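Thanks for making time this morning.

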Amino acid sequence: MEKIKRKCNSEHCKANQNFVILSFKQLSNYFCHPELDSGSVNANRNILTGQTNIDRFRVVARNDKKKAFTLAETLITLGIIGVVAAMTIPSLMNAHKAARYRSQFLKSYSTLQQAFRLMQEDDVSTDPATYAHGTYYKTFRNYLKGTLDCGRIGLEVKQNPCWTRNAPIESKTYKSLDKKSNINTGLLDDGQLVLPDGTNVYFENVAETGGYIVLISVDINGYMNPPNRWGYDLFTFQMIDGELKVMGDINTKYTTQQSYCNPATTSNLNGIACAINAKNNPDYFKKIIKELK
């Protein structure tokens, strides 16, 4: 702000060579008092406060100074923000990932159940015993819209997003829950479909001791996306008495959690029974993402 100098006309001011420096704002509130001309500074004091005009201008000048953070204070603040971000952002990202995985799991399960209901409404058999080896998926695919038929393993379409048993990239092969074993891919080889959202659907349709069995496994985020682990993004269901049950449920083939859904167990079937946990435990994916790297 531009400053101007105003010199008092009094003899007292002339004698003491005193000049008052004023801003335009201060000048508008200032006027020369006759008491100063008489040389009496005390006479110009405010009756209530005892403050002279000169004192008042000095206070205003001091109050006009702007306050700001020092460089050290700014750096400390940024450091604190960085530490808090480093502590919270990973947790937020994991929570978001867990929510996405759970949503994909429930969506896939719902899609498969709907297909089975449509088959039943059309009086199409869902009984595994009525289907020859490797043929169940061909009927099932008619009740899923927009699917890509990848064929049976060994006879499959060898192109993405279809998975092949001998995946050329190690990270694309399916692993057990503990990641130490390649899974038993014989349970995925009787037909493969890819849904419009990229989900891979695998079928097992064989005769076993005690009867026929149909297993359906889903890679909820597609085999092109890691981690490709049973119980993490690959889950298995079983057709029992006209109902699609999550593996690990009552009467399904694999129910023992200690053996079939245990990060501390090494087995090529470890993770196959985790579907029951993914369905019933809202925090299952949070736990898995946190514990398994």
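What follows is a short tour of the strands, the helix packing, some backbone details and the ring pairs.

Before that, two remarks on method. This is a predicted model, in which local features need pLDDT of at least 70 and side-chain atom pairs count only at pLDDT 80 or more, while totals for chains, interfaces and linings use all residues. Residues are numbered from 1 along each chain as its sequence is written, and side-chain values use heavy atoms, with hydrogens and water left out.

Let me start with the sheet, where helices (H or I, at least four residues) and strands (E, at least two) are DSSP runs numbered from the N terminus, and where two strands pair if DSSP finds at least two bridges between them. The sheet is open, has six strands in the order 3-4-5-6-7-8, and pairs them in antiparallel fashion. Strand 3 (148–151) and strand 8 stand at the edges with a single partner strand each, so one side of each is left without a neighbour in the sheet. From one strand to the next the twist averages 25 degrees, given that axes are lines fitted to C-alpha atoms, for helices over the stretch in contact, and that angles run from 0 to 180 degrees between N-to-C directions. Helix 5 packs on this sheet and touches strand 5, strand 6 (211–219), strand 7 and strand 8, its direction making about 160 degrees with that of strand 8; contact here means heavy atoms within 4.5 Å.

At one end of the order, strand 7 (residues 234–240) and strand 8 (residues 243–246) run antiparallel and are joined by four bridges, and within this pairing Gln-238 has Lys-245 in strand 8 as its bridge partner. The two strands form a hairpin with two residues between them, and Asp-241 in the turn has a positive phi of about 50 degrees, although Asp-241 is not a glycine. Is Asp-241 buried or exposed? At 81% relative accessibility it counts as exposed, the scheme being buried under 20% relative accessible area, exposed over 50% and partly exposed in between, with a 1.4 Å probe and protein chains only.

Lys-179 is likewise not a glycine and has a positive phi, of about 70 degrees; Lys-179 lies in the loop between strand 3 and strand 4 (192–194), and is partly exposed at 47%. A cis peptide bond, with omega about 15 degrees, joins Pro-226 and Pro-227, and Pro-227 sits in the loop between strand 6 and strand 7.

Turning to the helices, helix 5 (residues 71–121) and helix 9 (residues 284–291) pack at an angle of about 130 degrees, with axes 8 Å apart. Residues making this contact include Tyr-101 and Phe-105 of helix 5 and Phe-285 of helix 9.

Finally, the rings: those of Phe, Tyr and Trp (its six-membered ring) pair if their centres lie within 6.5 Å, with planes under 30 degrees apart counted as stacked, over 60 as edge-to-face and the rest as tilted. This gives 18 aromatic pairs. One of them is the edge-to-face pair of Phe-140 and Phe-203, at 5.4 Å centre to centre with 65 degrees between the planes, which links helix 6 (residues 136–140) to strand 5 (residues 200–208) across 63 residues. Phe-140 is buried at 0% relative accessibility, and Phe-203 is buried at 0% relative accessibility. Ring pairs also link a cluster that includes Tyr-101, Phe-105 and Phe-285.
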